[in-house]
Amino acid sequence: AQNSQNKESLTTEMESLVFFNPSQTLKIAQYLLSKSNTTDNEKAKINLMIAKTSFVTGDYSSALTFLFDQKEYSSYLSELDQIEIEIYKAKIFRKINLFSEVNSVLNNVENKINNSSNKDIKLKASTLLNIERISYQFDSPEAKKGIQFLKENKATLTPEIDLWKMIAMAN
């Protein structure tokens with residue numbers, strides 16, 4: 001029982017450190033994976049944490065490896081965790097400019113969400129999906145072209161921007 005509480009405590013600590021101390025998260029994850037009594041369910045969660053941590057540190061290759069290796073453990077993961085894995089794949093593909101892959105993954109996620117019967121999972125997964133869609137649209141080549149256009153044409157757009165400001169202030 002003590003060992004179980006210790007693993008639970010370490011898992012909680014690991015989850016809280018992903019964004020603040022990723023190297024410590026990875027150390028805890030490796031320690032937990034090295035324990036012989038770690039269940040497949042726990043391994044699945046730990047591998048997902050490793051993938052998230054690798055993403056945070058910019059190690060996209062490692063993150064993708066862990067995300068694609070999760071197929072071995074997919075039966076041990078919740079429906080939401082499985083969707084989150086796909087969202088992280090899309091995030092990585094977006095970061096490395098594989099935009100057609102992002103679209104494909106996001107469309108698959110949307111189908112999974114639509115086929116889910118759990119309203120809570122639908123809500124949480126839809127939120128994750130929408131956040132990634134927004135990020136994708138912001139990072140897309142079209143958005144980058146628009147931003148570059150605005151930067152290059154700032155001087156010629158100033159009168160129109162001032163007009164829009166006046167219109168907005170009046171409303």
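These questions and answers walk through one predicted model. Residues are numbered from 1 along each chain as its sequence is written, and side-chain values use heavy atoms, with hydrogens and water left out. Because the model is predicted, local features need pLDDT of at least 70 and side-chain atom pairs count only at pLDDT 80 or more, while totals for chains, interfaces and linings use all residues.

Me: How many helices and strands does the secondary structure of the protein come to?
Reply: Helices (H or I, at least four residues) and strands (E, at least two) are DSSP runs, numbered from the N terminus. From the N terminus on, the elements run α-α-α-α-α-α-α-α-α. The total is nine helices and zero strands.

Me: What percentage of the residues of the protein count as buried?
Reply: Buried means under 20% relative accessible area, exposed over 50%, and partly exposed in between (1.4 Å probe, protein chains only). The protein has 171 residues. The buried share is 34%.

Me: Among contacts between residues at least 6 apart in sequence, what percentage join residues at least 24 apart?
Reply: Contact means heavy atoms within 4.5 Å. The count takes in contacts between residues at least 6 apart in sequence. Of these, the share joining residues at least 24 apart is 55%.

Me: How do α5 and α7 run relative to each other?
Reply: Axes are lines fitted to C-alpha atoms, for helices over the stretch in contact, and angles run from 0 to 180 degrees between N-to-C directions. Helix α5 (residues 79-95) and helix α7 (residues 119-139) pack at about 0 degrees, with their axes 10 Å apart. Angles under 35 degrees count as roughly parallel, over 145 as roughly antiparallel, 65 to 115 as roughly perpendicular and the rest as oblique. The two helices, α5 and α7, are therefore roughly parallel.

Me: By class, how many residues of each kind has the contact of α5 with α7?
Reply: The α5 side includes L80, I83 and I87, and the α7 side includes L128, L129 and Y136. Ala, Val, Leu, Ile, Met, Phe, Trp, Tyr, Cys and Pro count as nonpolar, Asp, Glu, Lys and Arg as charged, and the others, Gly among them, as polar. The contact has nine nonpolar, one polar and seven charged residues.

Me: Which residues does L129 contact, leaving aside its neighbours within four places in sequence?
Reply: L129 sits in helix α7. L129 is buried, at 5% relative accessible area. Its C-alpha atom is 7.4 Å from that of E110, 19 residues apart along the chain. Its contacts are I87, L106, V109, E110 and I113.

Me: What separates the C-alpha atoms of A63 and A51?
Reply: A63 belongs to helix α4 (residues 60-69). A63 is buried, at 0% relative accessibility. Not counting residues up to four places away in sequence, A63 touches A51, S54, F55 and I92. A63 and A51 are twelve residues apart along the chain, and their C-alpha atoms are separated by 4.2 Å.

Me: Is T53 buried or exposed?
Reply: T53 is part of helix α3. Leaving aside neighbours within four places in sequence, T53 is in contact with V18, P22, T25 and L26. Its relative accessible area is 0%, which means T53 is buried.

Me: Which residues does D81 touch, not counting residues up to four places away in sequence?
Reply: D81 is in helix α5. D81 counts as buried, at 9% relative accessibility. The residues touched are K45 and L48.

Me: Where does N97 lie?
Reply: Most residues other than glycine have a negative phi. Phi of N97 is near 60 degrees, a positive value in a residue other than glycine. N97 is partly exposed, with a relative accessible area of 44%. Its place is the loop between α5 and α6 (99-115).

Me: Which elements give two or more residues to the lining of the largest pocket?
Reply: On a 1 Å grid over the protein atoms alone, a pocket is an open set of points where a 1.4 Å probe fits, with protein on both sides within 12 Å along at least five of seven lines; lining residues have an atom within 4 Å of a point. Of its eleven lining residues, the closest to the centre are K7, T11, N41, E42 and K45. The elements are α1 (2-17) and α3 (40-56).
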